Amino acid sequence: MTEAQLHKVFKKHGLISLNPINEKFDPNQHEALFQQEVEGKEPGTIVVVSKIGYKLHERIVRPALVGVAKG
């Protein structure tokens, strides 16, 4: 309940969380921690999110810390 209210206040003030699982890696929004070989995933696809990132009014406050599929 507290988390839902917190996200509501964040959204009201323009803070958006980034959980980019299965998206293409973008160095402007994500920070790659490691590469991992994963069957069935295209190289450069995010397969693990270690920390969710945040965006405030279209500006990155904290990049998402991710693991990327290896080619």
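Predicted model: local features only at pLDDT ≥ 70, side-chain atom pairs only at ≥ 80, totals over all residues.
Figure 1. Side chains of opposite charge can pair when their charged atoms come close.

**Figure 2. The salt bridge between Lys24 and Glu42.** The whole structure contains two salt bridges, and one of them joins Lys24 to Glu42. Here the closest N and O atoms are 3.2 Å apart. The pair connects distant parts of the chain, since Lys24 lies in the loop between β1 and β2, whereas Glu42 lies in the loop between β2 and β3. The two residues are 18 residues apart. Glu42 counts as exposed, with a relative accessibility of 51%.

**Figure 3. The antiparallel sheet of β1, β4 and β5.** Three strands form this open sheet, in the order β1-β4-β5, and their pairing is antiparallel. Strands β1 (residues 15-18) and β5 (residues 59-62) stand at the edges. Each of these two strands has a single partner, so one side of each is left without a neighbour in the sheet. From one strand to the next, the twist averages 35°. Strand β4 comprises residues 53-56 and is joined to β1 by four bridges. Within this antiparallel pair, Leu15 stands opposite Leu56 of β4. In a regular strand the side chains alternate between the two faces of the sheet.

**Figure 4. The mixed sheet of β2, β6 and β3.** A further open sheet consists of three strands in the order β2-β6-β3, with mixed pairing. The edges are formed by β2 and β3; each has a single partner strand, so one side of each lacks a neighbour in the sheet. Neighbouring strands are turned by 30° against each other on average, direction ignored. What is the relative direction of β2 and β6, and how many bridges join them? The two strands run parallel and are joined by six bridges. In this pairing, Phe34 has Gly67 of β6 as its bridge partner. Strand β3 (residues 46-51), by contrast, runs antiparallel to β6, and four bridges join the two.

**Figure 5. Strand β6 and its covered residues.** Strand β6 spans residues 64-69 and is mostly covered. Six of its six residues are buried. In the sheet order, β6 stands between β2 and β3.

Figure 6. Glu31 belongs to strand β2, which covers residues 30-36. Is Glu31 buried or partly exposed? Glu31 is partly exposed, with a relative accessible area of 39%. Leaving aside neighbours within four places in sequence, Glu31 is in contact with Phe25, Pro63, Ala64, Leu65 and Val66. The C-alpha atom of Glu31 is separated by 9.3 Å from that of Arg62, a residue 31 places away along the chain.

**Figure 7. Helix α1 and the residue Gly14.** Helix α1 comprises residues 2-12. Of its 11 residues the number buried is zero, so the helix lies largely in the open. Gly14 follows α1 and has a positive phi, near 90°.

**Figure 8. The chain as a setting for the close-up views.** The secondary structure of the chain comes to one helix and six strands. From the N terminus on, the elements run α-β-β-β-β-β-β. The C-alpha atoms fill a box of roughly 40 × 25 × 15 Å, taken along the principal axes. Of the 71 residues in the chain, 23% are buried. Among contacts between residues at least 6 apart in sequence, 57% join residues at least 24 apart. The chain exposes about 5,300 Å², and carbon and sulfur atoms supply 52% of this area.

Technical notes: Residues numbered from 1 in each chain as written. Heavy atoms only, no water. Pairing = 2+ DSSP bridges. Axes fitted to C-alpha atoms, helices over the stretch in contact; angles between N-to-C directions. Buried < 20%, exposed > 50% of the residue type's maximum accessible area, 1.4 Å probe, protein only. Contact = heavy atoms within 4.5 Å. Salt bridge = Lys/Arg side-chain N within 4 Å of Asp/Glu carboxyl O. Areas by Shrake-Rupley, 256 points an atom, 1.4 Å probe, with all protein chains shown as cover.
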